[in-house]
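Please keep the sequence and the structure in view while going through the numbered points.

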Amino acid sequence: MDPLSKRQVVASGSAWLAALLNVVPGLGTGYIYQRRWRAYWITSALATLWFALGILQGQDGDPTLLPDQLQRQQLIGLAGFLLLAVVTAVEAARASLRAQQEA
């Protein structure tokens, strides 16, 4: 039995499932499904960087922040993660569809 090439592995998976897995359970899970380790680690590094930036930004610990200002900061953090999830979902689906067309 011949080992599958990288493109065959990506083509054998479902594009919609790879996209969904990048959004719902966690960032980059669709890449694990596709066995695209470099894309997974890049996504993990970007998510970690965004999280660390949020921690650094929140270290000021300004007790005079109004609840709406605090909520705005939290929404910016969430928006960054959602943007990363959407971008990775679209990229995973496109990679799968492209591999299927070439196979």
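What percentage of the 103 residues of the protein count as buried? The points below begin with this matter and then turn to individual helices and residues.

1. Overall burial and surface. The model under discussion is predicted. Of its 103 residues, 28% count as buried. The accessible surface of the protein comes to about 7,400 Å², and 66% of that surface belongs to carbon and sulfur atoms.

2. Fold and overall shape. The protein contains five helices and zero strands, and its elements run α-α-α-α-α from the N terminus on. Its radius of gyration is 18 Å, well over the 13 Å that the globule rule gives for 103 residues, so the protein is more spread out than a compact globule. Taken along the principal axes, the C-alpha atoms fill a box of roughly 65 × 20 × 20 Å.

3. Contacts across the sequence. Consider the contacts between residues at least 6 apart in sequence. Among these, 68% join residues at least 24 apart.

4. Helix α5. This helix covers residues 67-102 and has 36 residues. From its first C-alpha to its last it reaches 52 Å, close to the 52 Å expected at 1.5 Å a residue. Its buried residues include Gly80, Leu84, Thr88, Ala92, Ser96 and Ala99. What covers the buried residues of α5 includes α1, α2, α3 and α4.

5. Leaving aside neighbours within four places in sequence, Thr88 is in contact with Asn22, Tyr31 and Thr43.

6. Tyr31 and the nonpolar core. Which residues make up the largest nonpolar core? The set consists of Ala18, Tyr31, Ala39, Tyr40 and Ala92, five residues in all. Not counting residues up to four places away in sequence, Tyr31 touches Ala39, Tyr40 and Ala92, and its other contacts are Asn22, Arg36, Thr43, Thr88 and Glu91.

7. Ser14 in a loop. Ser14 lies in the loop between α1 (6-12) and α2 (15-23). A polar contact of 2.8 Å joins its side chain to that of Trp16. Beyond its neighbours within four places in sequence, Ser14 is in contact with Tyr33 and Ser96; Ser96 is also one of the buried residues of α5.

8. Arg35 in a loop. Arg35 is placed in the loop between α3 (29-34) and α4 (37-58). Although Arg35 is not a glycine, it has a positive phi of about 60°. Its relative accessibility is 51%, and because exposed means over 50%, Arg35 counts as exposed.

9. Gly54 and Gln74. Gly54 is found in helix α4. With a relative accessible area of 38%, Gly54 is partly exposed. How far apart in space are Gly54 and Gln74, C-alpha to C-alpha? The distance is 8.8 Å, while the two residues are 20 residues apart in sequence.

Technical notes:
Residues numbered from 1 in each chain as written. Predicted model: local features only at pLDDT ≥ 70, side-chain atom pairs only at ≥ 80, totals over all residues. Heavy atoms only, no water. Helix = DSSP H or I, 4+ residues; strand = E, 2+ residues; numbered from the N terminus. Buried < 20%, exposed > 50% of the residue type's maximum accessible area, 1.4 Å probe, protein only. Polar contact = N/O pair within 3.5 Å; in protein donor to acceptor, adjacent residues only side chain to side chain. Contact = heavy atoms within 4.5 Å. Expected span 1.5 Å × (residues − 1). Rg over C-alpha atoms; globule rule 2.2 N^0.38 Å. Areas by Shrake-Rupley, 256 points an atom, 1.4 Å probe, with all protein chains shown as cover. Core = buried A, V, L, I, M, F, W, Y, C linked by side-chain atoms within 4.5 Å.
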